[in-house]
Amino acid sequence: MKELFQHAAISEGVTVRVAVNFLPEQSRIEAGKWFWVYHIRIENGTEGIIKLMSRHWRITDGNGEVSVVDGDGVVGEQPVLAPGASHDYVSGCPLPTPQGSMEGHYIFRRDDGSELQTQIPFFPLAAPATAG
């Protein structure tokens with residue numbers, strides 16, 4: 001699993017794994033735009049069913065400028081994960097610099113109505129030196 005997902009965090013039995021790749025074909029370096037795609041896998045290691053309600057991202061560019069992104073679910077979905085189940089999705093992040101980072105958390109709702117906050121691991125966004 002480590003070969004596929006370079007970054008992982010475990011919070012209260014929920015594992016969040018991240019794989020990130022720079023996409024030169026989606027970037028416009030001459031216009032100051034670099035683009036990364038990231039693949040997230042969420043694994044429910046708890047004893048109960050959980051529903052992903054919201055996300056919170058902290059995105060920092062190479063100049064130290066921070067953007068905060070909050071929203072419902074992930075990529076238009078609020079997946080429900082049974083014990084032992086996983087959910088995968090892919091999204092992207094543009095930056096005005098060739099490096100930066102992302103981190104954050106998800107809020108899940110358990111069957112009993114209580115909330116569970118899980119960490120999204122910190123991961124760097126770094127374009128190869130050959131990409132401008």
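Tutor: The protein chain has zero helices and nine strands, where helices (H or I, at least four residues) and strands (E, at least two) are DSSP runs numbered from the N terminus. Read along the sequence, the pattern is β-β-β-β-β-β-β-β-β. This is a predicted model, in which local features need pLDDT of at least 70 and side-chain atom pairs count only at pLDDT 80 or more, while totals for chains, interfaces and linings use all residues. Residues are numbered from 1 along each chain as its sequence is written, and side-chain values use heavy atoms, with hydrogens and water left out.

Student: What makes strand 1 and strand 7 edge strands?

Tutor: Two strands pair if DSSP finds at least two bridges between them. The open sheet of four strands has the order 1-2-3-7, with antiparallel pairing. Strand 1 (7-11) and strand 7 (86-95) each have a single partner strand, so one side of each is left without a neighbour in the sheet.

Student: How do you know that strand 2 and strand 3 are paired?

Tutor: Nine bridges join strand 2 (residues 14-22) to strand 3 (residues 34-44), and the definition asks for at least two, so they count as a pair, here an antiparallel one. Within this pairing, threonine 15 stands opposite glutamate 43 in strand 3.

Student: Why is threonine 118 called buried?

Tutor: Buried means under 20% relative accessible area, exposed over 50%, and partly exposed in between (1.4 Å probe, protein chains only). Threonine 118 has a relative accessible area of 0%, so it is buried. Threonine 118 is found in strand 9 (residues 115-126). Leaving aside neighbours within four places in sequence, threonine 118 is in contact (heavy atoms within 4.5 Å) with residues including Ser11, Val14, Tyr106 and Phe108.

Student: What share of the residues in the protein chain is buried?

Tutor: Buried residues make up 41% of the 132 residues in the protein chain.
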